[in-house]
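Subject: Structure for your review

Dear colleague,

Please find below the structure that I am handing over to you. My notes on what was found in it follow directly after it.

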Amino acid sequence: MVTAKEARAVGRQMIRENKGLFLGCYSAYFGLTLASVLIQFLLNNNALVTALWGMASLFLLIPLALGILHIHNLIYYKRRCSVGNLFDFYRNYSVSIKAVGVSYLFSMILSIVLTPLVMLAVLPLALSGAGEQSPLLVVGLLFVFLVVAVLSLVANAFMMACYFIILRNRSIGFGRLLGSSLKIGGRYVLRYCLLQLSFIGWILLCTLFLLVPVLFGSLLLLGELRVLGMLLTVLGMILYGLSLFVLAMYMNAATAVFFNVAIDEYERQYPDFSSSASPHIPHAGNTGFSGPVDRYAGPVHPAAPAETPRQEEPAASPAAGEGTAEKETPAGEEPAPERVEAEIMEPRGDLCDVILISPGVGRMLVSMIVSDLTGMEHAEARQLVENVPRAICTGIPREEAHEIAKRLTEAGARVEIR
């Protein structure tokens with residue numbers, strides 16, 4: 001299973017390689033969210049209209065949130081996309097309704113659990129009054145805040161699992177979606193909470209961007225430099241907004257990596273948990289497709305699979321009897337490493353092979369690089385990385401081999417060029 005450190009590392013690489021795309025889609029997302037809030041603010045003279053618009057805006061913004069995660073998925077699986085993919089779930093709103101329904105259900109359960117807990121914790125403290133027992137009141141409120149934060153993280157794990165399941169399988173039914181969200185969210189809730197807690201330093205840094213200018217601005221507002229104090233306060237709010245903007249990208253990218261790996265792992269152990277099997281989708285480098293697509297709902301091109309030439313090679317070998325005996329063995333994957341090693345040891349003049357000896361601590365980042373180099377899907381690349389030593393690239397010029405080795409080494413891997 002991917003660790004928080006590896007998920008963050010892959011998330012950072014996704015952001016570095018797609019800065020313009022992320023900037024465009026997040027700007028559109030926050031712009032539309034701000035427009036929704038402003039409309040609600042303008043309607044605040046009518047309580048009924050404000051409440052109705054508040055409910056309606058949720059059904060407008062949740063498809064946008066799904067679009068944000070959808071773009072992360074496309075990038076993770078090396079699919080081409082654009083800012084237009086942000087609006088995919090307006091065109092397929094039945095998927096959004098399922099996600100909204102499951103999210104509301106989890107939110108309702110969270111509210112039902114939290115309300116009595118908060119009342120039981122706050123009421124005795126409030127009835128005890130202030131004075132000598134004020135430290136007890138502060139400790140009690142901090143405890144309530146901690147309980148609310150932990151339970152909210154748990155509920156968010158279930159909701160994010162729901163989102164990523166439906167991104168990967170849009171045809172899944174509501175009941176199966178709910179059950180799968182409970183299974184996967186419950187299985188990986190602790191790891192997800194640890195991933196979110198690993199961002200606590202960045203969250204505190206964002207808070208400092210707000211608190212420090214606002215604090216100094218408030219002090220200046222009390223004195224004669226009121227204009228400067230107001231400017232500092234506005235600057236603090238702008239810095240806080242920008243820092244949250246960047247942090248949201250980072251957290252969503254790491255979450256996309258985490259849940260894609262988690263669902264892949266769960267599918268391998270329980271292949272029947274989903275309503276349909278995942279089709280093979282070619283690597284983006286081998287296709288000209290550039291429209292809205294995800295791993296489960298994407299187009300399957302009728303091109304010949306890459307495995308066919310490999311299956312013909314053993315049949316053409318001089319020792320035909322040995323070749324057929326190897327084919328009949330149940331472990332079909334075992335002869336492949338021997339054949340690759342035999343090719344590696346052949347002298348090729350100026351051509352070299354890049355051999356991955358060890359992925360190091362960042363195996364997720366290394367598997368992502370291997371996927372990019374070879375055109376494999378991420379699941380295949382991870383399997384290759386976990387069964388080292390293996391050849392990554394064979395029969396390539398020495399300069400290109402050194403560039404690939406440098407890229408893998410920077411990710412923490414140990415590599416040899418032969």
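Lys5 belongs to helix α1 and is exposed, with a relative accessible area of 57%.

Some conventions apply throughout. Because this is a predicted model, local features need pLDDT of at least 70 and side-chain atom pairs count only at pLDDT 80 or more, whereas totals for chains, interfaces and linings use all residues. Residues are numbered from 1 along each chain as its sequence is written, and side-chain values use heavy atoms, with hydrogens and water left out.

The chain as a whole

The chain contains 15 helices and three strands; helices (H or I, at least four residues) and strands (E, at least two) are DSSP runs, numbered from the N terminus. Of its 418 residues, 39% are buried. The term buried stands for under 20% relative accessible area, exposed for over 50%, and partly exposed for values in between (1.4 Å probe, protein chains only). Among contacts with a separation of 6 or more, 74% are between residues 24 or more positions apart, a contact being heavy atoms within 4.5 Å. The chain has an accessible surface of about 22,700 Å², and carbon and sulfur atoms account for 67% of that surface. Accessible areas come from the Shrake-Rupley method with a 1.4 Å probe, and for residues only the protein chains shown count as cover.

Trp202 is found in helix α8 and is partly exposed at 43% relative accessibility.

Val214 also has its place in helix α8, where a relative accessibility of 26% makes it partly exposed. The C-alpha atoms of Val214 and Leu235 are separated by 8.3 Å, and these residues are 21 apart along the chain.

Salt bridges

How many salt bridges does a search of the whole structure find? The search finds four, where a salt bridge is a side-chain nitrogen of Lys or Arg within 4 Å of a carboxyl oxygen of Asp or Glu. Three of these may be described here.

One of them joins Glu17 and Lys78, whose closest N and O atoms are 4.0 Å apart. Glu17 lies in helix α1 (residues 4–17) and Lys78 in the loop between α3 (47–76) and α4 (88–91), so this pair ties together parts that are 61 residues apart in sequence. Glu17 is partly exposed, with a relative accessible area of 42%, whereas Lys78 is buried at 13%. Lys78 also has a positive phi of about 60 degrees, although it is not a glycine. In general, most residues other than glycine have a negative phi.

Another joins the side chains of Asp264 and Arg168, with 2.8 Å between the closest N and O atoms. Asp264 lies in helix α9 (residues 226–269) and Arg168 in helix α6 (residues 134–168), so the pair ties together parts that are 96 residues apart in sequence. Asp264 is buried, with a relative accessible area of 4%, and Arg168 is buried at 2%.

A further salt bridge is made by Arg91 and Asp88, at 2.5 Å from N to O. Both residues lie in helix α4, three residues apart, which is about one turn of the helix.

Yours sincerely
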